[in-house]
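Please examine the structure shown below. The paragraphs after it describe how some of its parts are arranged.

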Amino acid sequence: MTVYLDHAATSPLRPEVLAAYTEALQLVGNPSAIHSAGQAARATLEDARERLAAVIRCDRNEVIFTSGGTESNNLAIKGLFAKREGNLIITSAAEHHAVLDAIEYLEKEGAEVHWLSMSSEGVIDLVELSGVLEDRHQDVALVALMWVNNETGVITPIAEVTALAAKYGIPVHSDGVAAFGHTETNFANSGLATMAVTAHKLGGPVGTGALIVSRATNLVPLFHGGGQERALRAGTMDAAGAIAFAVAAETPQPDYRALEALAVQLISPLGKLTRGAAPGVPNILSFTFEGGSGESMLFLLDQAEIAVSNGSACTAGVARASHVLLAMGFSQTEASSAIRISFGPQTTAEDLNALAEALPNVVATARKI
Ligand SMILES: Cc1ncc(COP(=O)(O)O)c(C=O)c1O
């Protein structure tokens, strides 16, 4: 049986989620229809909104259902930029491509971008952020910084970021996809304008996510159509996906700290933990293995029926050095030698022992390729 250590790419549907999802998939009505079938679907959707909001700690009206993290990030970044006063976006080169590529698109459309530097352990330079905000606050349209990095697991001190931006009334967007469910993400206390979340990293279905939009925030929508979701996300709402997301969010994740400690203990003799001593979530760990290619190791581990990832699986199967590790100052070779492991509710110590048993040969072989 495959040892699955790639939950940060996507995590299997949890049993409670599957039950709620399959039941809700039998709903026939469109939530916008006024007949009883439509109203039944609407009730499910609104129940999901309420329950998700309770977990996220936001107002139910602040939940805008979308198709996932990519759409939510695009909606936030392009939507905030369209309402901008300034033209400058402050972000970091270690963001997920859903953020990076949206910002690079805006750059081609005339936005100016300030790429914040980070430490070799993946921590954003808050002094630099403070300086740019002080010098250029009149030009700044938004700040976009992810809450947890999906490759290294490093946690960004979002409250400190929003406190700096709040001095000048600048909106902050955070990609909360890797954070939600794995570290405290209390939206009401966060000071964020917007936060992107997605269901499939928590045992919910792929294709369902949300953008949390604070009541004080104005966005321009990406899609125009039926005016659904406060006119921010046109398109028939997916009541079944929404309720499945709410159930996944309500089902707590196990405490992964013991697995984290075991993984570090087992793997450290062979590879280097990329986040060093920086604060991180316990369910995502990445290691570099000097002289071996992450891609080769991934294939060799796959032959041993162990599923891991090298960098982000979201780069559509394209093998390249991790842009996250490059942003942290790793060399091209080092940044190509990484493997990420990530845990879910099904992960056991035996899974990690199986990985540790396979790794010495895998690393030795990869170093010869
Ligand atoms: C940090 C982060 N942001 C955004 C996404 C994209 O989310 P989705 O797959 O729901 O579009 C991912 C997926 O890997 C991610 O890890």
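In this predicted model, helix H10 (residues 294–303) packs against helix H13 with the two axes 9 Å apart and at an angle of about 135 degrees. The crossing of H10 and H13 is right-handed. On the H10 side, the contact involves Ser-296, Met-297, Leu-300 and Leu-301, which meet Leu-355, Ala-358, Leu-359, Val-362, Val-363, Thr-365 and Ala-366 of H13. Of the residues in this contact, 9 are nonpolar, 2 are polar and none is charged.

Helix H13 (residues 349–368) also has helix H9 (residues 257–267) beside it: their axes come within 10 Å and cross at roughly 15 degrees. H9 and H13 are therefore roughly parallel to each other, and H9 passes H13 in a right-handed crossing. Leu-259, Leu-262, Ala-263, Leu-266 and Ile-267 of H9 make this contact with Ala-349, Leu-352, Asn-353, Leu-355, Ala-356 and Leu-359 of H13. These residues comprise 10 nonpolar and 1 polar, with no charged residue.

Attention now turns to a single residue. Thr-274 lies in the loop between strand S9 (272–273) and strand S10 (284–288). Is Thr-274 buried or exposed? Its relative accessibility is 2%, so Thr-274 counts as buried. The side chain of Thr-274 forms a polar contact, at 2.4 Å, with the side chain of Ser-286. Beyond its neighbours within four places in sequence, Thr-274 has contacts that include Ser-120, Glu-121, Thr-152, Phe-287, Leu-325 and Phe-330.

Definitions and conventions
Residues are numbered from 1 along each chain as its sequence is written. This is a predicted model: local features need pLDDT of at least 70, side-chain atom pairs count only at pLDDT 80 or more; totals for chains, interfaces and linings use all residues. Side-chain values use heavy atoms; hydrogens and water are left out. Axes are lines fitted to C-alpha atoms, for helices over the stretch in contact, and angles run from 0 to 180 degrees between N-to-C directions. Helices (H or I, at least four residues) and strands (E, at least two) are DSSP runs, numbered from the N terminus. Angles under 35 degrees count as roughly parallel, over 145 as roughly antiparallel, 65 to 115 as roughly perpendicular and the rest as oblique. A crossing is left-handed if the near helix is turned anticlockwise from the far one by less than a right angle, and right-handed if clockwise. Contact means heavy atoms within 4.5 Å. Ala, Val, Leu, Ile, Met, Phe, Trp, Tyr, Cys and Pro count as nonpolar, Asp, Glu, Lys and Arg as charged, and the others, Gly among them, as polar. Buried means under 20% relative accessible area, exposed over 50%, partly exposed in between (1.4 Å probe, protein chains only). A polar contact is a pair of N or O atoms within 3.5 Å; within protein, one must be able to donate a hydrogen and the other to accept it, and residues adjacent in sequence count only if both atoms are side-chain atoms.
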